[in-house]
Amino acid sequence: MATTGQGGSGIEVEGLVREFKNGPRAVDGIDLQVAAGEIYGFLGPNGAGKSTTVLMLTTLLPPTAGTARVAGFDIVAEGPLVRSSIGAALQEAALDPLLSAREHMRLQTALHGLGKGERQARGQELLERVGLSQAADRRVGGYSGGMKRRLDLALALAHRPRILFLDEPTTGLDIQSRTALWEEVSRLAVDEGVTVFLTTQYLEEADALAGRVGIIDHGRIVAEGTPAALKAEIGRPTVEAVPQEPADRDRLAAVLERFGASAAASPRAAAARLDGGESQLAEVVRALDSEGIAIETLQLHTPSLDDVFLAKTGRSLEGAGDAEEPGAEAEAVGAT
Amino acid sequence: MIRTLRQPAQIVPALVFPMFLLAVNSGGLRDTTDLPGFPTDSYLTFALAVPFVQGAIFSVMNTGTDLARDIETGFLNRLALTPLRGAALLSGLLAGAVALGLLQAATYLTVGLVAGAELTTGFAGALVLVALSVSITVAFGTLGLFAALRSGSGEAVQSLFPVFFVFLFISAMALPLDLIQTDWFRAVATANPVTYLLEAFRSLLFEGWDLGALALGFGIALAVLAVGMTAATGALKTRMVRT
């Protein structure tokens with residue numbers, strides 16, 4: 001059963017560093033705090049340092065420098081206590097294709113020391129919760145990616161951990177499986193007060209799930225806050241329009257500039273940041289109409305987390321990934 | 001153990017391949033028993049010791065490949081996050097080797113006896129023979145675990161198969177030590193521990209109770225087990241880096 005130390009069910013990280021032999025610092029001095037019951041999204045491209053951070057916080061990789069307490073326990077000095085307090089679903093669903101879901105559950109509950117009577121009940125409860133009770137006796141080698149992910153999550157919850165680490169839990173899943181997993185993770189945080197540390201490279205996942213987001217790039221946290229605050233921080237929405245007649249482009253740009261500074265747009269279009277926010281859109285349309293400018297398309301862009309990433313790093317999150325995190329695979333237990 | 005028994009691709013070759021080689025060798029080398037000083041008039045009985053060692057070599061591949069898969073899929077990570085101790089993990093993995101060792105020994109012995117091989121030491125000898133076979137299978141299995149933990153790759157483990165087979169071929173596999181005429185080959189076979197594993201099996205099959213040969217056979221199995229387990233435990237500590 002999960003235990004917690006004096007720090008409760010949160011995560012506190014100070015100056016955490018992981019340096020690999022002959023490589024760069026995969027994690028370069030990060031500080032963060034996650035409160036009990038919070039869903040914290042750790043967003044960044046491939047190779048940013050997300051998985052290395054998770055491996056350190058789950059005690060599977062010793063840090064080079066810095067300190068971290070998980071559930072109140074020091075990740076270096078109190079590894080076994082940390083492990084008994086957390087559940088983790090790492091990047092690939094870590095399952096044995098030759099065993100069934102029920103056998104996995106039996107093994108997991110036994111290894112965590114649940115009593116014989118409790119094992120079966122807990123296993124059945126979790127399999128039902130993730131919708132796998134019908135397939136529980138089939139070998140997982142024949143499961144779909146979504147089923148494997150759901151089983152992985154159920155196994156991570158076997159010993160009722162107070163903190164759950166999910167390393168890119170929905171990578172490669174279809175939208176239906178992804179949504180189902182999001183619902184379950186939200187339910188865990190809201191109904192059961194489980195603290196969730198979630199890494200992702202999907203903007204919409206961080207936006208939909210996380211109460212707070214930390215954006216990591218090249219091993220450093222470049223921005224942190226609620227998704228709304230981060231988006232508000234980088235600016236106002238942008239309106240972009242394409243005139244029906246290309247000759248009207250300059251007139252269009254002049255009209256848009258009445259509402260805010262011009263912004264980058266595609267070659268046929270003109271764009272401006274709306275000083276007054278989204279509510280000015282109706283005024284923009286009226287102004288264009290009164291000037292007699294026929295419009296082919298008109299779009300309102302609200303800032304996304306990708307815009308936040310772009311503003312903080314000068315690159316777009318899409319396609320910003322490096323190669324795999326240096327050494328993380330080699331140095332941990334087949335770290336995935 | 002469950003997953004070992006669920007992999008026909010591991011079990012079938014370990015049962016069929018040694019029996020096939022036994023059939024070929026005992027048929028092709030039957031006249032070898034005419035050599036002066038050959039210890040038995042049944043080459044089948046003489047050659048029946050070989051499958052038990054071949055089976056143990058399969059154990060290197062099977063235990064190693066299973067563990068390498070656990071590393072590759074991240075399943076070992078899952079185990080590392082539980083309170084499971086390293087020694088318990090290795091022992092659990094070797095349970096499959098015990099099951100396979102029992103199945104192999106029973107199959108080889110039954111097939112050999114049905115084909116006409118002798119078993120001078122009777123039922124008690126059969127039990128000791130099975131025990132020796134399981135001991136060697138488990139001992140060799142630890143070498144597979146070590147290879148998997150060091151390399152983390154199933155392919156790397158499988159590449160060991162020919163290496164172990166070479167050890168079998170440069171032993172007293174086809175002839176008793178004292179009938180090997182080529183000096184260098186006799187010297188190599190004399191130094192090769194596999195020779196003494198074969199002699200322990202042969203003592204039970206056609207020589208009668210030879211405590212010295214049995215002690216040497218079990219002793220070698222124990223030594224390989226100790227070395228393999230120590231090496232695998234060390235490699236597991238490196239691989240299972242947890243604070």
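## A guided tour of chains A and B

Start in a loop of chain A: select His218(A), which sits between β9 (212-217) and β10 (220-225). Helices (H or I, at least four residues) and strands (E, at least two) are DSSP runs, numbered from the N terminus. This is a predicted model, in which local features need pLDDT of at least 70, side-chain atom pairs count only at pLDDT 80 or more, and totals for chains, interfaces and linings use all residues. As you type selections, count residues from 1 along each chain as its sequence is written, with chains lettered from A and ligands numbered from 1 in the order in which they are written.

**Stop 1: two residues with positive phi**

With His218(A) on screen, look at its backbone: phi is about 50 degrees, a positive value although His218(A) is not a glycine. His218(A) is partly exposed, with 17 other C-beta atoms within 10 Å. On this scale a residue is buried if 20 or more other C-beta atoms lie within 10 Å of its own, exposed if 12 or fewer, and partly exposed in between, with C-beta atoms placed from the backbone.

Now select Arg160(A), in the loop that links α5 and β7 (163-167) of chain A. Its phi is positive too, near 55 degrees, in a residue other than glycine. Arg160(A) has 13 other C-beta atoms within 10 Å and therefore counts as partly exposed.

**Stop 2: α5 and α6 of chain A**

Next, show helix α5 (residues 145-156) and helix α6 (residues 175-192) of chain A, whose axes are 10 Å apart and pack at an angle of about 15 degrees. Axes here are lines fitted to C-alpha atoms, for helices over the stretch in contact, and angles run from 0 to 180 degrees between N-to-C directions. α5(A) and α6(A) are therefore roughly parallel to each other. Angles under 35 degrees count as roughly parallel, over 145 as roughly antiparallel, 65 to 115 as roughly perpendicular and the rest as oblique.

The crossing of these two helices, α5(A) and α6(A), is right-handed. A crossing is right-handed if the near helix is turned clockwise from the far one by less than a right angle, and left-handed if anticlockwise. To see the contact, show Gly146(A), Arg149(A), Arg150(A) and Leu153(A) on α5(A), then Ser177(A), Leu181(A) and Glu184(A) on α6(A). Two residues are in contact if their C-beta atoms, placed from the backbone, lie within 7 Å. Colour the contact of α5(A) with α6(A) by class and you get two nonpolar, two polar and three charged residues. Ala, Val, Leu, Ile, Met, Phe, Trp, Tyr, Cys and Pro count as nonpolar, Asp, Glu, Lys and Arg as charged, and the others, Gly among them, as polar.

**Stop 3: all of chain A**

Zoom out to chain A, where you will find twelve helices and 14 strands. Its C-alpha trace spans about 80 × 45 × 35 Å along the principal axes. Of its 336 residues, 47% are buried. Take the contacts in chain A between residues at least 6 apart in sequence: 70% of them join residues at least 24 apart.

**Stop 4: where the chains meet**

Bring in chain B: 22 of its residues are in contact with 29 residues of chain A. On the chain A side, the largest share, four residues, comes from helix α2 (residues 79-85) of chain A. By class, that side of chain A has 17 nonpolar, eight polar and four charged residues.

**Stop 5**

The C-alpha atoms of chain B fill a box of roughly 65 × 35 × 30 Å along the principal axes. Buried residues are 45% of the 243 in chain B.

**Stop 6: α4 and α9 of chain B**

Select helix α4 (residues 49-73) and helix α9 (residues 161-169) of chain B, whose axes come within 10 Å and cross at roughly 160 degrees. α4(B) and α9(B) are therefore roughly antiparallel to each other. The contact residues are Val53(B), Gln54(B), Ile57(B), Val60(B) and Met61(B) from α4(B), with Phe161(B), Phe164(B), Phe165(B) and Leu168(B) from α9(B). This contact of α4(B) with α9(B) has eight nonpolar, one polar and no charged residues.

**Last stop: Val224(B)**

Finish at Val224(B), in helix α12 (residues 211-239) of chain B. Is Val224(B) buried or exposed? Val224(B) counts as buried, with 21 C-beta neighbours inside 10 Å. Leaving out residues up to four places away in sequence, Val224(B) touches Ala139(B) and Phe140(B).
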